[in-house]
Amino acid sequence: MNVSHASVHPVEEAPTTEGGGADQNVNAPRVRMKDIQGMPGTAGGLSLRVSRFVFAAAALSIMASTSDFLSVTAFCYLVAAAGLQAMWSFSLAITDVYALLVRRSLQNYRIVSLFTIGDGVTSTLTFAAACASAGITILIDNDLGNCSQNHCVQFETATGMAFICWFTTVPSFLLNFWSLASR
């Protein structure tokens with residue numbers, strides 16, 4: 001069997017372009033190919049989680065500020081889904097901040113699996129709640145012509161915030177899912 005080992009064919013250290021030798025690169029941060037921005041433990045992932053927290057909290061607070069959202073089940077569902085999304089995103093943002101501060105990679109299979117499942121569930125719930133709320137808002141505004149008696153502007157704004165929250169959840173879910181599938 002003809003197998004090459006490191007002791008037979010030693011690998012030399014790659015030359016640096018700075019001309020200062022290998023001593024300058026000792027303190028340089030290591031970058032792994034699998035640490036793509038948007039994944040857990042990266043600055044891009046933190047920005048996605050903070051933005052989805054902000055949009056979910058905005059949808060939750062706008063919808064909850066109206067007095068008659070309790071009369072429509074779809075609006076109650078939007079409040080519940082936005083509340084769950086806000087809590088999930090806030091907890092993941094705290095985890096990302098910790099990972100960035102201690103410079104720890106969150107590319108563990110179990111952690112990425114947890115992030116993927118949580119992002120998938122919360123994004124599905126948020127999208128379904130936003131679609132249901134959009135349908136009811138269109139029914140109230142266009143079909144019934146009853147916007148003067150209701151808070152249509154708040155309903156539409158909260159629904160829009162829920163859709164934007166979903167748009168910021170999908171990249172995180174897809175990147176985590178791709179990371180799991182490529183193992």
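**View 1. Helix H1 passes helix H4 in a left-handed crossing.** This is a predicted model: local features need pLDDT of at least 70, side-chain atom pairs count only at pLDDT 80 or more, and totals for chains, interfaces and linings use all residues. Residues are numbered from 1 along each chain as its sequence is written, and side-chain values use heavy atoms, with hydrogens and water left out. Look for H1 at residues 43-64 and H4 at residues 152-181. Their axes (lines fitted to C-alpha atoms, for helices over the stretch in contact, with angles from 0 to 180 degrees between N-to-C directions) come within 8 Å and cross at roughly 155°. That makes H1 roughly antiparallel to H4; angles under 35 degrees count as roughly parallel, over 145 as roughly antiparallel, 65 to 115 as roughly perpendicular and the rest as oblique. As for handedness, a crossing is left-handed if the near helix is turned anticlockwise from the far one by less than a right angle, and right-handed if clockwise.

**View 2. Stepping back, the protein has 4 helices and 0 strands.** Helices (H or I, at least four residues) and strands (E, at least two) are DSSP runs, numbered from the N terminus. Follow the sequence along and you read the pattern α-α-α-α. How much of the protein is buried? Buried residues make up 35% of its 183 residues. Here, buried means under 20% relative accessible area, exposed means over 50%, and partly exposed is in between (1.4 Å probe, protein chains only).

**View 3. H1 and H2 sit side by side with a left-handed crossing.** Two packed helices are described by the angle between their axes and the distance between the axes. For H1 and H2, the axes come within 8 Å and the angle is roughly 150°. These two helices are therefore roughly antiparallel to each other.

**View 4. H2 and H3 also pack, and their crossing is left-handed.** Their axes are 9 Å apart, at an angle of about 150°. H2 and H3 are therefore roughly antiparallel to each other.

**View 5. Arg49 and Asp96 meet through their side chains in a salt bridge.** The structure holds 2 salt bridges, each one a side-chain nitrogen of Lys or Arg within 4 Å of a carboxyl oxygen of Asp or Glu. For Arg49 and Asp96, the N to O distance is 3.3 Å. The pair links distant parts of the chain: Arg49 belongs to helix H1 and Asp96 to helix H2, 47 residues apart. Buried or exposed, these two? Arg49 is buried, and so is Asp96.

**View 6. Arg52 pairs up with Asp119 in a salt bridge.** Their side chains meet at 2.8 Å, N to O. This pair, too, links distant parts of the chain, with Arg52 in helix H1 and Asp119 in helix H3, 67 residues apart. Arg52 is buried because its relative accessible area is 0%. Asp119 counts as buried as well, at 0% relative accessibility.

**View 7. Val97, Tyr98, Leu101 and Val102 make a nonpolar surface patch.** The patch is about 400 Å², an accessible area from the Shrake-Rupley method with a 1.4 Å probe; for residues, only the protein chains shown count as cover. Patches are made of residues with over 30% relative accessible area and no salt bridge, joining like charges within 9 Å and nonpolar side chains (Val, Leu, Ile, Met, Phe, Trp, Tyr) within 5 Å. Where does Val102 lie? Val102 is in the loop between helix H2 (73-101) and helix H3 (109-143). Val102 is partly exposed because its relative accessible area is 40%.

**View 8. Arg103 has a positive phi, though this residue isn't glycine.** Most residues other than glycine have a negative phi. The phi of Arg103 is near 55°. You'll find Arg103 in the loop between H2 and H3. Arg103 is exposed, with a relative accessible area of 78%.

**View 9. Met87 and Phe53 are 34 residues apart in sequence.** In space, the two are 7.7 Å apart, C-alpha to C-alpha. Met87 has its place in helix H2 and is exposed, with a relative accessible area of 58%.

**View 10. Leu174 and Gly120 are 54 residues apart in sequence.** Go from C-alpha to C-alpha and they are 8.8 Å apart in space. Leu174 is found in helix H4. At 48% relative accessibility, Leu174 counts as partly exposed.
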